[in-house]
Amino acid sequence: VLTTAFLVAIVSFVSAAKADASAAAPACGNISPGAATCDLEILKYANGTPRNFDADAIAGFTPQQLAKAYNLPAVAPGLPIIAVVAAFGDPDIASDLKTYSKKFGLPVLLKCHGPIAASEVACLLAVNGKGGKKLPSGTGWAPIYALDAELAHGLCPNCSLLLVEAKTNAQKDLYKAVNTAAALGANVIALSWEAQECAKEKKDDATYFTHPGVAIVASSGSGSYQSCSTFTSTLCFPASSPHVTAVGGTSLFLKGDGTYDHEVADLDDSNGCSGYEPKPNWQPDLGGCSRRTVADVAFVADPSTGVAVFNSVGCNKGKDCWFVYGGTAVGAPAIAAVYALAGVVPGDKFGSEIPYESGNASNLHDITSGSDGTCSPPYLCTAVPGYDGPSGLGTPNGAGAFAATAPK
């Protein structure tokens, strides 16, 4: 039960964190050619170490707060499978997810017995990038597994979770793992990482990210307008794929009763005009970019209004291991869960086109303030009424914008 005192503590914490402009640090290092990095930022102390909390004084939004703020349904129809594709591994993810679930009164996911797609109950399964049982070593991306698994489960408690662990963060390993997730029956795939756009990405797009009937959701990137990388282009892939729903970031503010108040486009949010991908016919052409623009939708990303996550890897023997995570990495598992809550994507559609067809003013929060840079035309980097680059069409107000048929 979330008490008034707890909500006041959250507000006080957010205010204090906002006062420190350098209150967060990247979790996975810088992007490099041929590899990917995650889009996660962790709230930190002044000395640069991650700021940790004990179980009685956690900070960051809880799954119940997020569900209430975004007006989400409690469960999904059927037993959808949400896949998390990331690099390396997290040997503690099952126990960490159990701790998270018990803290917030969620059902505990047990290990799947047999193929996840054949399970009659929601379950948890971890496989390597080829679908095998031998999981990769290394825990450099453990925070991503904790964030993605916990938030996906927190927002969709009756969804099964499939963790596909690529052996490295090389693009080829992660991309192949996406195909593995689809082959194992995932209805939704969450990608909280970015790689550099390049001339061959259209081939990669066709080979690894063209899965009609599966909603693939990727974070838009970290940085600011057109600053994802300094190598060959300006944006992050796979968010720039027309077959992927790209999620931008916001700062989220609630009313005293925990309901939605407003959001502001996050300053540290990479977006813009793709250097290679064509503009899909369902995306509006508002001028200034004849190709694919990023993002499509948005979710809270500012670490100062971030989400509560339990991650015991490298953390004081499992004690005081609650953290506040932010960055556009948050949006990938969150919006993946919203797709699952909305229902299965039809086999003749890509998840990325659905919000453009089903979204309207009643089931999306239109973000109209905030910016992540300077650009022309302004909508590419500044939140404006209707579609814009930083927040896309807006943030969820219910799951209707992510359902193939808009509710009447």
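This is a predicted model: local features need pLDDT of at least 70, side-chain atom pairs count only at pLDDT 80 or more; totals for chains, interfaces and linings use all residues.

Trainee: Okay, so at what angle do α4 and α7 pack?

Mentor: About 30°, with the axes 8 Å apart. Here α4 covers residues 142-155 and α7 covers residues 331-342. That angle falls under 35 degrees, so the two helices are roughly parallel to each other.

Trainee: And is the crossing left-handed or right-handed?

Mentor: Right-handed, as α4 passes α7.

Trainee: Which residues meet there?

Mentor: From α4 you have L147, D148, L151, A152 and L155. On the α7 side they meet P333, A334, A337 and L341. By class, that contact has 8 nonpolar residues, 1 charged and no polar ones.

Trainee: Switching topic: how many residues are in the largest nonpolar core?

Mentor: It has 125 residues. Those with the most contacts inside the core are L66, V85, W141, I189, W193 and F299.

Trainee: Which element gives the largest share of that core?

Mentor: α7 again, with 9 residues.

Trainee: Zooming out, how many helices and strands are in the chain?

Mentor: The chain has 8 helices and 20 strands.

Trainee: And what percentage of the residues count as buried?

Mentor: 59% of the 408 residues.

Trainee: Last one: what share of the contacts with a separation of 6 or more comes from residues 24 or more positions apart?

Mentor: Those residues account for 78% of such contacts in the chain.

Conventions:
Residues are numbered from 1 along each chain as its sequence is written. Side-chain values use heavy atoms; hydrogens and water are left out. Axes are lines fitted to C-alpha atoms, for helices over the stretch in contact, and angles run from 0 to 180 degrees between N-to-C directions. Helices (H or I, at least four residues) and strands (E, at least two) are DSSP runs, numbered from the N terminus. Angles under 35 degrees count as roughly parallel, over 145 as roughly antiparallel, 65 to 115 as roughly perpendicular and the rest as oblique. A crossing is left-handed if the near helix is turned anticlockwise from the far one by less than a right angle, and right-handed if clockwise. Contact means heavy atoms within 4.5 Å. Ala, Val, Leu, Ile, Met, Phe, Trp, Tyr, Cys and Pro count as nonpolar, Asp, Glu, Lys and Arg as charged, and the others, Gly among them, as polar. A nonpolar core is a set of buried Ala, Val, Leu, Ile, Met, Phe, Trp, Tyr and Cys residues joined through side-chain atoms within 4.5 Å. Buried means under 20% relative accessible area, exposed over 50%, partly exposed in between (1.4 Å probe, protein chains only).
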